Amino acid sequence: MNIFPGSKPVTSGNYLPHAEFPWLMAVALVAIVPHFPHLPYWIITVTLSILLYFFLRWQQGYHATSVWIKVPVALCVAAAIAIDFSYNFQFDKASIAALTFCICIKLLELKGRRDVMVIVALGYFLLLTHYFHSQDFLTGIWLFVSALVVTSALLHLYDDPARPALKTLKTAFIMLLQAIPLALVLYLLFPRVDGPLWGIQRMQSSQTGLSGTMRPGQISKLVESNEIAFRVQFQDHIPPRRQLYWRGPVLSNYDGRSWTSNDYRRQEPSIEARGAPARYSIILEPHNRPWLLPLEMPISFSGIPNAYFTSSGVLQSQQPITNRTRMEFVSHPEYRMDRGELSRFARRNNLQLPDGRNRRSLAFAEQLWAENPTPEQMAERLLRFFRDEPFYYTLDPPLLGANAVDDFIFNSRQGFCEHYASAFVVLMRAAGVPTRAVTGYLGGEVNPVDRVLTVRQSAAHAWAEFWTVENGWTRVDPTAVIPPERIAPEILNQQNDNSPELTDIALDALNWLQRARYYWQALDNHWSQWVLDYTPERQRELLSRLGISDLKKISLFFAAVTILFLILVALFILRKQRKSIEPAWAVWLSACKKLNRQGIETPSWETPLALVERLQTTYPNRLELNAALSRLARLVYAVRYENMPVPIRILKQARKQLPGAGSNA
């Protein structure tokens with residue numbers, strides 16, 4: 001028996017419409033191709049080989065592949081997946097690899113409608129897994145297009161296989177648009193849960209952004225990344241670039257090569273706010289570290305429960321940031337911190353230097369201190385030293401030896417921000433001034449469309465802080481004094497790109513490519529704020545405005561709104577059907593009553609065309625009745641089943657043409 005109408009037989013005795021195969025190939029491609037950059041080469045080779053084999057079999061006359069071929073291949077691939085992904089326990093990638101193989105191998109055993117439905121279902125499911133890799137706006141657009149292709153394949157399976165592809169795509173597009181209102185209701189009101197998708201902690205296997213250490217070359221490698229660290233929306237004006245220091249880990253321990261932090265004590269620093277405050281919100285990308293990277297220095301914050309300051313002024317959370325997080329801050333770019341006496345622990349911690357290292361630098365610092373006997377004078381003298389001597393700011397400095405600071409100051413004189421910050425701290429400590437290194441980000445790129453400042457990993461930076469009784473901890477950025485002619489072009493261009501002053505140009509002065517880039521970034525930012533950042537807290541905030549506060553009420557409210565929405569949709573559909581169908585059927589029922597008065601039975605279960613055929617057989621001599629009833633039945637059929645816009649007056653005129661009782665014409 002042919003289970004697919006209109007299909008052509010093949011050698012295996014199985015049947016499938018020939019036109020269905022391109023749609024199935026399209027479903028497989030849109031579902032698996034975006035996963036290729038994240039899968040091993042061998043699984044990509046296997047899946048592409050299966051798709052090519054499927055295409056060739058389709059051209060030559062498809063029939064299902066033998067089970068003696070499929071089973072060994074499936075077992076080998078399953079074993080390879082288990083071995084390949086077991087070392088790093090990458091459950092999400094292993095699952096995606098298995099599903100990718102399943103949708104391809106299923107193409108080789110198509111025997112009926114059920115097998116095609118399995119492929120379509122796997123296609124829908126695999127579309128969801130694309131969010132494991134990226135959740136930006138472009139991924140959302142791709143998923144909509146992919147859902148359009150998969151839905152079109154489903155329509156092609158259950159609708160007319162001869163329908164043109166463009167018409168099928170149009171119908172699927174309309175269906176997806178009709179689903180958007182219900183999707184919005186589900187998105188806004190369905191109770192949200194904390195944690196990552198399906199409980200998979202993806203960020204635990206990788207770390208991005210600043211680490212808790214600093215060594216030569218570490219930050220310069222991070223600068224090569226264009227990934228977004230966080231986005232900032234200021235309520236008022238955006239501070240100038242010289243004040244946009246986003247505070248990360250503070251490093252005090254130095255072993256002669258690497259800087260680390262030993263500041264784990266919870267202690268809110270004493271901050272004396274000066275100047276105008278900056279009010280802003282941050283959407284922080286997951287970096288699997290606890291620090292929150294506010295603008296120096298925050299005096300109030302919200303959005304992270306139980307966030308706290310360390311004694312060195314680092315604001316961090318109790319748990320690593322593994323999900324996109326939104327926070328609100330008020331900071332004072334001009335401030336004084338920890339004025340007065342310094343504790344013995346802090347003084348000892350920020351004067352520590354390793355024994356037997358960098359002897360030339362220590363002697364040089366003692367010489368400078370003799371000429372500049374105050375911390376402020378010493379700091380100013382060192383900045384003049386970096387500015388006047390032939391120091392170069394580069395991303396590719398030469399390697400340093402065991403005495404890294406000596407090699408940098410007296411030999412190479414080429415380095416990135418971590419080299420300058422490290423040398424400054426060592427020289428200041430050698431002079432007896434408590435000093436520490438600070439890592440974070442500097443600047444950011446302002447989008448003139450929505451005034452959102454984007455800070456990327458390329459803005460990673462290191463600077464220093466030295467302490468005095470009068471002013472507390474004072475920020476010093478040694479790299480800021482390097483003349484532009486001694487800065488590598490790639491760094492200078494990156495600084496210009498991240499300069500708020502340069503990006504505050506009017507839109508009409510930008511060329512069309514820059515405009516398109518800014519508008520796209522603004523769109524992606526809105527996507528991040530209103531879609532990706534729709535947390536349980538924001539949902540509760542939204543529903544609290546409606547007078548709903550607890551989860552039980554939220555669930556009941558969601559159920560009530562969903563039921564109400566479905567009732568409204570059903571009423572709309574019924575009203576539309578009533579307008580287009582019921583008047584025509586009412587005319588037919590009145591015609592049936594007229595026939596009943598003539599003694600002709602018209603059972604309710606009998607269709608109009610079936611009634612006409614029976615009366616033509618039962619009353620062959622009543623030609624006028626049969627002709628009039630046949631015309632009325634065809635009109636009713638056209639309205640009810642072909643959705644033709646036949647005016648109701650035409651139907652009523654056809655009913656009036658039915659002869660009365662006793663007519664035998």
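This note sets out points on sheet pairing, aromatic contacts and salt bridges in a predicted model.

1. Three strands make up an open sheet in the order 3-7-6, and their pairing is antiparallel. Strand 3 (213-214) and strand 6 (253-254) are the edge strands; each has a single partner strand, so one side of each has no neighbour in the sheet. The antiparallel pairing of strand 6 with strand 7 (residues 259-260) runs over two bridges. Trp 259 in strand 7 is the bridge partner of Tyr 254.

2. Phe 364 and Phe 385. The model contains 22 aromatic pairs. In one of them, the ring centres of Phe 364 and Phe 385 are 5.1 Å apart and the planes stand at 50°, so the pair is classed as tilted. Phe 364 belongs to helix 10 (residues 359-371) and Phe 385 to helix 11 (residues 375-388); the pair thus links distant parts of the chain, 21 residues apart. Both Phe 364 and Phe 385 are buried.

3. Phe 364 and Phe 410. Phe 364 also forms an edge-to-face pair with Phe 410, with 5.9 Å from centre to centre and 80° between the planes. This pair links helix 10 to helix 12 (residues 404-412), the two residues being 46 residues apart. Phe 364 has a relative accessible area of 15% and is therefore buried, whereas Phe 410 is partly exposed at 24%. The cut-off that divides these two classes is 20% relative accessible area.

4. The aromatic cluster and charges over rings. Phe 364, Phe 385 and Phe 410 are among the members of one aromatic cluster, which also includes Phe 386, Phe 391, Tyr 393, Phe 408, Phe 416 and Tyr 420. The ring of Phe 410 has the charged end of Arg 360 over it, 4.2 Å from the ring centre. A further contact of this kind involves Arg 436, which lies over the face of Trp 473 at 3.7 Å from the ring centre.

5. Arg 231 and Glu 285. The structure has 12 salt bridges. One of them joins Arg 231 to Glu 285, with 3.7 Å between the closest N and O atoms. Arg 231 and Glu 285 are both buried.

6. Glu 272 and Arg 336. A salt bridge with an N to O distance of 3.1 Å joins the side chains of Glu 272 and Arg 336. The link is between distant parts of the chain, with Glu 272 in strand 8 (residues 271-274) and Arg 336 in strand 14 (residues 334-337), 64 residues apart. Glu 272 is partly exposed, at 31% relative accessible area, but Arg 336 is buried, at 17%.

7. Glu 606 and Arg 614. The closest N and O atoms in the salt bridge between Glu 606 and Arg 614 are 2.9 Å apart. Glu 606 is buried, with a relative accessible area of 10%; Arg 614 counts as partly exposed at 31% relative accessibility.

8. The salt-bridge network. Arg 247, Glu 296, Arg 436, Glu 465 and Arg 475 are linked by salt bridges into a network.

Methods
Residues numbered from 1 in each chain as written. Predicted model: local features only at pLDDT ≥ 70, side-chain atom pairs only at ≥ 80, totals over all residues. Heavy atoms only, no water. Pairing = 2+ DSSP bridges. Helix = DSSP H or I, 4+ residues; strand = E, 2+ residues; numbered from the N terminus. Phe/Tyr/Trp six-rings, centres within 6.5 Å; stacked < 30°, edge-to-face > 60°. Buried < 20%, exposed > 50% of the residue type's maximum accessible area, 1.4 Å probe, protein only. Lys NZ or Arg CZ within 6 Å of the ring centre and 35° of its normal. Salt bridge = Lys/Arg side-chain N within 4 Å of Asp/Glu carboxyl O.
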